[in-house]
Amino acid sequence: MSQMKEYVTIDADGAMYVGEARVPMEAIMVAYGAGDSPESILSQYDGLTLEEVYGAITFYLANPKLVDEYLQRQESLWNEWKAKLDANPAPVVLRLRALKAQGAKVK
């Protein structure tokens, strides 16, 4: 009997990736949730195959609670990191903000 193909992998930290290119599952799910077709999603990620895109969507349809919980965790992590970066911006960000406030054009 042949071994079944695995389209979505979950690493030790719980992050979900699609295909051999390891595209983050959230990227596929955002596009799918926006109504993009699998072919449209495929055009955004050169490293994926159409089979892998369909595999990711099928994984989601078979495990919606698992994927939705993962997406919520990822959103929380993003918000946490954004708050940290906003609280302590890099010097270049501060400089760009100052230039913007002065009305300077930034190229």
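This is a predicted model: local features need pLDDT of at least 70, side-chain atom pairs count only at pLDDT 80 or more; totals for chains, interfaces and linings use all residues.
**Helix α3 and what surrounds it**

Let's start with α3, which covers residues 50-62. With 13 residues, helix α3 spans 18 Å from its first C-alpha to its last, close to the 18 Å expected at 1.5 Å a residue.

**Where α3 meets α4**

How do the axes of α3 and α4 cross? They come within 5 Å and cross at roughly 105°, so α3 sits roughly perpendicular to α4. On the α3 side, F59, Y60, L61 and A62 make the contact, while α4 brings P64, L66, V67 and D68. Sorted by class, this contact has 7 nonpolar residues, 1 charged residue and no polar ones.

**The nonpolar core**

The largest nonpolar core in the model holds 19 residues. Inside that core, the residues with the most contacts are V8, M16, V18, M25, I28 and V67. Elements giving two or more residues to this core are β2, α1, α3 and α4, and α3 gives the most, with 5 residues.

M25 is a handy place to look at the packing. Leaving aside neighbours within four places in sequence, M25 is in contact with V8, M16, Y17 and V18, and also with A56, F59, Y60, V67 and Y70.

**Two residues in the β2-β3 loop**

Now over to the loop between β2 and β3 (23-24), where A21 is found. R22 is in the loop between β2 and β3 too. Here is how exposed they are:

| Residue | Relative accessible area | State |
|---|---|---|
| A21 | 37% | partly exposed |
| R22 | 42% | partly exposed |

Which residues does A21 touch, leaving aside its neighbours within four places in sequence? The partners of A21 are G47 and L48. A21 and Y45 are 24 residues apart in sequence, with their C-alpha atoms 8.8 Å apart in space.

As for R22, the backbone is worth a look. Most residues other than glycine have a negative phi. Phi of R22, though, is near 55°, a positive value in a residue other than glycine.

Technical notes. Residues are numbered from 1 along each chain as its sequence is written. Side-chain values use heavy atoms; hydrogens and water are left out. Helices (H or I, at least four residues) and strands (E, at least two) are DSSP runs, numbered from the N terminus. The expected span of a helix is 1.5 Å times one less than its number of residues. Axes are lines fitted to C-alpha atoms, for helices over the stretch in contact, and angles run from 0 to 180 degrees between N-to-C directions. Angles under 35 degrees count as roughly parallel, over 145 as roughly antiparallel, 65 to 115 as roughly perpendicular and the rest as oblique. Contact means heavy atoms within 4.5 Å. Ala, Val, Leu, Ile, Met, Phe, Trp, Tyr, Cys and Pro count as nonpolar, Asp, Glu, Lys and Arg as charged, and the others, Gly among them, as polar. A nonpolar core is a set of buried Ala, Val, Leu, Ile, Met, Phe, Trp, Tyr and Cys residues joined through side-chain atoms within 4.5 Å. Buried means under 20% relative accessible area, exposed over 50%, partly exposed in between (1.4 Å probe, protein chains only).
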